[in-house]
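Reader: I am new to this structure, and I would like to learn how to read its features. Could you take me through them step by step?

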Amino acid sequence: MGKLLYSFFFSILLLSFKATSQEVDDERGFDYERDGEKGPTHWGELRPEWHTCKAGLMQSPIDLLHERVEIISHLGDLKINYKSSNATLKNRGHDMMMKWVDGGGYMEMNGTQYKLKQCHWHSPSEHTIDGKKFELEAHLVHESSNGMVSVIGILYQIGEPDYFLSTIEDHLELASDTHEEERVIGIIDPNMLKMGSKQYYRYIGSLTVPPCTENVTWTMIHQVRTVTDEQVKLLRVAVHDDSDSNARPLQPIYNRTTQFQRSKESEE
């Protein structure tokens, strides 16, 4: 009965809260200084349309605490159909955003297709697992035809170089040297992210930057990938914001349920 009620509540949320505002393209209207006037605690006061950043009850990021998750196996592997497409790299003020101009394919969830629009990076990670923070977090932002938003998050710890980032290091370095806000970088294959799809967390949250729109379906990949310290630093240097972090603090979970998709192999 509990699972049925949650599934019903999940469906109602998706129908009731349409994400009408996307992440801001220019992030210079806010910053990540904890005690600053434009810091995360004040985002909801800076503009009327950002009020949800302060008043919302389904905000992201959150701590993915194992004691709270509902372990299930019926969500299945992620249905991803990405494709190579022309891409641009844009400096939004606090992060670098890669946008697939013609769309980078799609993911499918509950019978709905969500087209891959863009990806960007936060360091250190915004989400945590059992309180553990990681060095980097990538967000792949998808949108359905009716404006619903779904984000896939990938966590990274320091180790071997990340292949995907290695392929765009030259572009990041050029962006750092020239202070150019947007660059055409050619054909990029999002499949190079190699996120894996067997085990993941899922919950309903929000965008982690203003306007903090809610009813965002989050899929956080359980497998932690690796990245070098130099790659993390390059992402930070490229945006010229004089900050060593662009991670929003953890938000209250309240009564939300977090599901964990466990692979069938792990059950055997």
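Reader: How much space lies in the largest cavity?

Author: Rolling a probe the size of a water molecule over the atoms shows where empty space is left. In this predicted model, where local features need pLDDT of at least 70, side-chain atom pairs count only at pLDDT 80 or more, and totals for chains, interfaces and linings use all residues, the largest cavity holds about 40 Å³. A cavity is a set of points on a 1 Å grid over the protein atoms alone where a 1.4 Å probe fits but cannot get out, and its volume is the space filled by probe spheres set on the points, which are joined across faces, edges and corners. Residues are numbered from 1 along each chain as its sequence is written, and side-chain values use heavy atoms, with hydrogens and water left out.

Reader: Which residues line the largest cavity?

Author: Lining residues have an atom within 4 Å of a point; among them here are His-94, Asp-95, Trp-121 and Asn-246.

Reader: Which residue forms a salt bridge with Asp-95?

Author: A salt bridge is a side-chain nitrogen of Lys or Arg within 4 Å of a carboxyl oxygen of Asp or Glu, and Asp-95 forms one with Arg-92, the closest N and O atoms being 2.9 Å apart. Both Arg-92 and Asp-95 are buried (under 20% relative accessible area, with exposed over 50% and partly exposed in between, for a 1.4 Å probe and protein chains only).

Reader: How many salt bridges does the whole structure have?

Author: A search finds four, one of which joins Lys-54 to Glu-45 at 3.1 Å between the closest N and O atoms; Lys-54 is exposed at 53% relative accessibility, whereas Glu-45 is partly exposed at 45%.

Conventions. 1 Å grid on protein atoms, 1.4 Å probe; cavity = no way out; pocket = protein on both sides within 12 Å on 5 of 7 lines; lining within 4 Å.
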